[in-house]
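Keep the viewer open as you read.

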Amino acid sequence: MTENSTTANFVQALPVYRANAISVVNGANLGDAMSFATELDLDDTYELHAISALERLSVTTARGGVLSVADESQLGRAGNAVHLDSCLTMMSANGATSEMLILVEVDGLGDVDAVYVMPLAQLTPRTEYTLVGIDTQGQRAKFAEVACVSFSRGTHITTASGAQKKVEDLQAGDMILTRDDGAQKLLWVGSSTVRAVGDFAPICIRADALHNSADLTVSPDNRLFIYQRSDALGAGRHEVLIRARHLVNGDTIVQRDGGFVDYYQLLFDDHQIIYAEGIACETLLVDPRTRPALPRDLATQLSQTLPEHARRAHFDFEVGEALLEHPDAAAVLRRASTR
């Protein structure tokens with residue numbers, strides 16, 4: 001299989017600022033908007049404008065693994081390439097550091113159409129941030145952390161024997177129960193600690209919200225597999241995949257903002273649906289977005305034998321946010337679903 005093989009195209013909505021929302025208030029580039037790495041100077045001080053708001057840049061993976069603007073994106077021109085330019089480290093007056101990714105949209109002629117800033121921690125308007133680091137090597141790994149689906153520390157995973165095991169205690173070689181393929185060997189367990197802030201804060205599905213046995217905390221874009229006895233959502237099918245972030249209702253399903261979260265990623269030879277706290281959830285999907293999060297030797301191995309996870313039937317089951325615009329979609333699904 002090659003990078004140009006037929007695979008499912010996944011759309012990821014990225015929370016970004018337009019580059020002109022952040023500009024230099026002190027330094028060599030006074031008055032200039034945020035830009036790509038070659039135009040930046042260390043020690044310049046930036047501020048986020050008071051009226052600025054995060055917008056959605058939706059991207060998908062084009063041929064050759066290049067990100068491109070998705071058809072439904074609020075920003076950009078559909079089909080334009082989006083390049084991960086750099087990861088910047090900013091320092092506030094109190095010495096706290098935060099990171100942001102710089103994304104550059106390029107048209108078909110190779111000209112820059114737009115520059116976007118994707119903060120990995122919440123930015124406060126009218127607060128000074130000094131540029132103290134410019135990384136043009138590790139930006140793909142940082143982006144991969146955002147793209148990876150993850151389970152929080154303490155999550156119980158159903159093993160092939162039926163026993164429940166905490167995700168942090170799992171090891172490569174453990175046999176895990178999967179929905180589609182029965183017992184499957186775990187290929188790799190990854191871990192990372194990230195800031196639980198803003199759009200990247202984890203989603204907590206409280207016990208019994210979806211017939212789960214205990215609280216389940218996952219990354220926002222982790223997709224849950226739900227079987228409805230009746231098609232309560234109007235999806236045209238009983239089986240649906242739903243991103244955790246689209247079920248937040250402020251009560252039984254909430255986004256936990258603040259502090260840090262320990263995340264674990266589970267990788268199999270194929271993309272799988274497993275059981276976490278009794279809820280069917282997806283595992284790590286290997287594609288050009290997530291591969292940089294893997295250890296180098298494993299990434300090299302996969303690039304030769306498994307460039308992208310094979311297309312699975314359940315990829316067709318994902319429903320968009322529009323179908324979830326119920327007063328409480330989680331309650332609708334709970335009533336419609338079976339244990």
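The second largest pocket holds about 410 Å³ of space. A word on terms before we look inside: on a 1 Å grid over the protein atoms alone, a pocket is an open set of points with protein on both sides within 12 Å along at least five of seven lines, while a cavity is a set where a 1.4 Å probe fits but cannot get out; lining residues have an atom within 4 Å of a point. Grid points are joined across faces, edges and corners, and a volume is the space filled by probe spheres set on the points.

This is a predicted model, in which local features need pLDDT of at least 70 and side-chain atom pairs count only at pLDDT 80 or more, whereas totals for chains, interfaces and linings use all residues. Residues are numbered from 1 along each chain as its sequence is written, and side-chain values use heavy atoms, with hydrogens and water left out.

Back to the second largest pocket: its lining has 20 residues, and L120, E145, V146, V194 and R195 lie nearest the centre. At least two lining residues come from each of β7 (97-106), α1 (139-147), β15 (188-195) and β21 (260-267). Here helices (H or I, at least four residues) and strands (E, at least two) are DSSP runs, numbered from the N terminus. With four residues, α1 gives the most to this lining. Sorted by class, the lining has 10 nonpolar, four polar and six charged residues. In this scheme Ala, Val, Leu, Ile, Met, Phe, Trp, Tyr, Cys and Pro are nonpolar, Asp, Glu, Lys and Arg are charged, and the others, Gly among them, are polar.

What about enclosed space? There are four cavities of 30 Å³ or more, and the largest cavity contains about 130 Å³. Of the 14 residues that line the largest cavity, A147, V149, R243, E282 and R289 lie nearest its centre. Its lining has seven nonpolar, two polar and five charged residues.

Now for the packing. In soluble globular proteins, nonpolar side chains tend to be buried together. A nonpolar core is a set of buried Ala, Val, Leu, Ile, Met, Phe, Trp, Tyr and Cys residues joined through side-chain atoms within 4.5 Å; buried means under 20% relative accessible area, exposed over 50%, and partly exposed in between (1.4 Å probe, protein chains only). The largest such core has 29 residues, and F151, I157, I205, L210, L247, I253 and L266 have the most contacts inside it. Its largest share, three residues, comes from α3. Setting aside neighbours within four places in sequence, I205 is in contact (heavy atoms within 4.5 Å) with residues including L210, L216, L224, I253 and I279. Apart from this core lies another, of 21 residues, among them A19, L48, I102 and V115.

Finally, two loops deserve a look. G198 sits in the loop between β15 and β16 and counts as partly exposed because its relative accessibility is 28%. Beyond residues up to four places away in sequence, G198 touches Q255 and D257. Its C-alpha atom is separated by 7.0 Å from that of A121, 77 residues apart along the chain.

Most residues other than glycine have a negative phi. In the loop between β16 and β17, D208 has a positive phi of about 75°, and H211, found in the loop between β16 and β17, has a positive phi near 70°. Are these two buried or exposed? D208 is partly exposed, at 34% relative accessible area, whereas H211 is buried, at 17%.
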